[in-house]
Protein chains: 2
Amino acid sequence: VREIFATEHALRKHYDLVESARRVGVPVSAVSESAAAALSETVNPQGLVAVCDHLDVPLAQVLGAAPALVAVLVEIRDPGNAGTVLRTADAAGAQVVVFAGAAVDPYNGKSVRASAGSLFHLDLVRAADPAAAVRAIRAAGLRVLAATAHGGVDLDDLPEAVLAEPTAWLFGSEAHGLPDDLARTAHAAVRVPIHGRAESLNLAAAAAVCLYTSARAQLRESRRRKESTNDAEDV
Amino acid sequence: VREIFATEHALRKHYDLVESARRVGVPVSAVSESAAAALSETVNPQGLVAVCDHLDVPLAQVLGAAPALVAVLVEIRDPGNAGTVLRTADAAGAQVVVFAGAAVDPYNGKSVRASAGSLFHLDLVRAADPAAAVRAIRAAGLRVLAATAHGGVDLDDLPEAVLAEPTAWLFGSEAHGLPDDLARTAHAAVRVPIHGRAESLNLAAAAAVCLYTSARAQLRESRRRKESTNDAEDV
């Protein structure tokens, strides 16, 4: 946070927050209601606006930290969707979200708000070339799974041992799905099964199901390892 | 469908659809672009408006059909959310969605559009009294699980045999969650684990994770039963 602008009302209402920013040297300026409204994109602005640095980090840097769960959003255009997937990925324990290709600006106001803070919880990467990003992720030793609406392996048929490996999920946009040529560069195409008569799941719901399935398998695997280590120590 | 209004353009574009409606006796009227716009709620209307009957059925009737997977939306107010959960529940194979308490009108235009057709795929129930609905569902022999953000059993710790039983999931609104007194009338409160630092999941994502977990367990159980029947026949 570089600078804060707030209305008199917001300064009183968020006194503790504003004071803690001041204490670490962030300039705080009082502005009129109309100035705060002009700075905001919402219909009912909260009267508090912060100027922040961009947060994204290079892909090579995050891959160096050996992440266990990564979500790659390919050519995702809808800012609300992007923010919701960020929030979902955070909840599912993904350490990295990659905005790949001609994606929406992750700092779009709608995306930031829909992420409900998760933008600040995980490593955000912007990768202009999705194919190059997938190559780098594979080279770092992660299993790359392409989430598809049709074809591929059923998510429920993936062995838990496979799901427990460090994994990057590729998700396409809701309108166009994942480009075929990119999906083919993954280790496997994986389909979230449709049990009813819906044509498809929305992106955030599909991401929730895929990422939570990986997270559960990874957690079980790490528990099993701990138990076997404990057993070994008991002996 | 009782009656259709369409612009000249829409009559040409959706000729097959309009003709099939005419064949089953649905009156079709040509209207002007401005009349079609006035009948629509969207910014870019498609020029095709149908007057339809309400679809909801009484709870007692759907429970009589012994559903295996039911989603109960308690006091859900956001029409977009309601529609998205309908679509998710359909994809996960739920046969019934109950709009309980002071919920949004499921026929709200936004809800209908967000459901992407799923409104027509499953049984829709409207129940004014959520507590009475839960009592009826329990009396019909379903296991009632209350999805909560905090407390309760971790979803991943529920035994698969429990998840495989006929189940009704209770979901609260994103703003207020599930009322405590109602959650206590369920067989168990179940928490979708938050692995990262997000405060919570959005409603559709939480519903996706819960309903898909039940669907997977039910499918595995039915496969196991079939296999054991086959084994018995082999002997």
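**Close-up views of chains A and B**

View 1. Between chain B and chain A, 22 residue pairs are in polar contact (both at pLDDT 80 or more). A polar contact is a pair of N or O atoms within 3.5 Å; within protein, one must be able to donate a hydrogen and the other to accept it, and residues adjacent in sequence count only if both atoms are side-chain atoms. The model is predicted: local features need pLDDT of at least 70, side-chain atom pairs count only at pLDDT 80 or more, and totals for chains, interfaces and linings use all residues. Residues are numbered from 1 along each chain as its sequence is written, chains are lettered from A and ligands numbered from 1 in the order in which they are written, and side-chain values use heavy atoms, with hydrogens and water left out. Six salt bridges (a side-chain nitrogen of Lys or Arg within 4 Å of a carboxyl oxygen of Asp or Glu) cross the interface of chain B and chain A. B:D156 forms a salt bridge with A:R216, and their closest N and O atoms are 3.2 Å apart.

**View 2. The side of chain B that touches chain A.** Helices α5 (79-91) and α10 (203-234) of chain B each supply at least two residues of this side. The most comes from α10(B), with 10 residues. Helices (H or I, at least four residues) and strands (E, at least two) are DSSP runs, numbered from the N terminus. In contact (heavy atoms within 4.5 Å) are 33 residues from chain B and 33 residues from chain A.

View 3. B:L48 lies in strand β3 (residues 48-51) of chain B. B:L48 is partly exposed, at a relative accessible area of 29%; buried means under 20%, exposed over 50%, partly exposed in between (1.4 Å probe, protein chains only). Neighbours within four places in sequence aside, B:L48 is in contact with residues including B:I4, B:F5 and B:H14.
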